[in-house]
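Open the structure in your viewer and keep the selection panel at hand. Each stop below says what to select and what is there.

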Amino acid sequence: MEAIREGIVRPEGADLTCITLRSGRDVFDRMVGGSEFDVAELSASEFISLTGQGDRRFVALPVFPSRVFRHGYIFINTRAGIRTAKDLEGKRVGLPLYTQTAALWLRGHLAHQFGVDLSTIRWVQGAVEEGGTHGKPHAPALLRPVTIEQNSTGLPLATLLGRAEIDALIGSRRPEILGRDPSVARLFPNYRALERELYETRKIFPIMHLVVIRRELHERHRWLATSLYKAFVESKRRALARLRYAGSLAAMLPWLQSDIEEIDAVFGGDAWPYGVEPNRPTLEALLQYMA
């Protein structure tokens, strides 16, 4: 997205004022809560659930600015007797938000890949690194009852994990306590191999966010969606070209070029495709997991 933000790539027929907020949650809360922006990044699961409930304020573009494999985002207290994914059954598991896209992917993996009975888990919802809630989301009501309690201790979920007051933690980020507290570890130390296997067998690379346009704007200017899509594609092409330039590394990753060779071998040259068809297995899996 950098070339668009810097004005190097401009969508034909439109002038953009790009606003960068502190976190995705800030963007989502302001867009869903007040339709503040003409175009915005949005949680993929939030868009799907809103649309499924008949809230048609937004039109989505098949542009996916955030994708993250998630097997490495399940953290356990080593004193909780958790050795395998099935051992999560009957446990108290923290998460920032039950309807968060990252949490949806993780629950889907646990149920579909590892046979975990999610109905036995007691979910504890709250912010990971501070007390209180994770943003001010506008999540629709669940269609079935789920055992969810709000963390009311005033302590972050990461602290509760270290104290064994919750048995595990899933979500979108690595808690700072990992590596500092020997009682906190990943459930899957070999997460990278599991994530690669997921893609090689099912062509799933989890999508977190997409891009939406206010429907009212889209209906007034039908050409805008195509213009924006082309600009996003061009911006991504430039980012990939910069990443592949070996004269100086585009990111502070010492083996970046070696990683690119591995990624090309696995993903066939583009690990970050836009459009519906190249992403159909991932999108269908997300819908299945949400259901």
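Predicted model: local features only at pLDDT ≥ 70, side-chain atom pairs only at ≥ 80, totals over all residues.

Residues are numbered from 1 along each chain as its sequence is written, and side-chain values use heavy atoms, with hydrogens and water left out.

**Stop 1: two helices**

Select residues 44–52, helix H3, and residues 280–290, helix H10. Helices (H or I, at least four residues) and strands (E, at least two) are DSSP runs, numbered from the N terminus. Two packed helices are described by the angle between their axes and the distance between the axes. Here the axes come within 11 Å and cross at roughly 65 degrees. The axes are lines fitted to C-alpha atoms, for helices over the stretch in contact, with angles running from 0 to 180 degrees between N-to-C directions. H3 passes H10 in a right-handed crossing (the near helix is turned clockwise from the far one by less than a right angle).

Now show side chains. Ala 44, Ser 45, Ile 48 and Ser 49 of H3 meet Leu 286, Leu 287 and Met 290 of H10, where contact means heavy atoms within 4.5 Å. By class, this contact has 5 nonpolar, 2 polar and no charged residues. Ala, Val, Leu, Ile, Met, Phe, Trp, Tyr, Cys and Pro count as nonpolar, Asp, Glu, Lys and Arg as charged, and the others, Gly among them, as polar.

**Stop 2: Phe 47**

Stay in helix H3 and select Phe 47. Is Phe 47 buried or exposed? Phe 47 counts as buried because its relative accessible area is 14% (buried is under 20%, exposed over 50%, partly exposed in between, with a 1.4 Å probe and protein chains only). Leaving aside neighbours within four places in sequence, Phe 47 is in contact with Leu 42, Phe 58, Val 59, Ala 60, Leu 210 and Val 212.

**Stop 3**

Select His 109 in helix H4. His 109 is buried, at 2% relative accessible area. Its contacts beyond four places in sequence are Arg 70, His 71, Phe 114, Leu 198, Pro 206 and Tyr 289.

Move on to Val 116, in the loop between helix H4 (101–114) and strand E5 (122–125). Val 116 has 5% relative accessibility and so counts as buried. Among the residues that Val 116 touches are Ala 85, Lys 86 and Glu 89.

Then select Arg 107. Its charged end sits over the ring of Tyr 98, 3.6 Å from the ring centre. Arg 107 also lies over the face of Trp 123, at 5.8 Å from the ring centre. The rule is that NZ of Lys or CZ of Arg is within 6 Å of the ring centre and within 35 degrees of the ring normal.

**Stop 4: aromatic rings**

Which residues do ring pairs link into a cluster? Select Phe 69, Tyr 199, Phe 205, Phe 267 and Trp 272. Rings of Phe, Tyr and Trp (its six-membered ring) pair if their centres lie within 6.5 Å; planes under 30 degrees apart count as stacked, over 60 as edge-to-face and the rest as tilted. The count by this rule is 8 aromatic pairs. Tyr 199 and Phe 267 form a tilted pair, 4.3 Å centre to centre with 40 degrees between the planes. Tyr 199 and Phe 267 are both buried.
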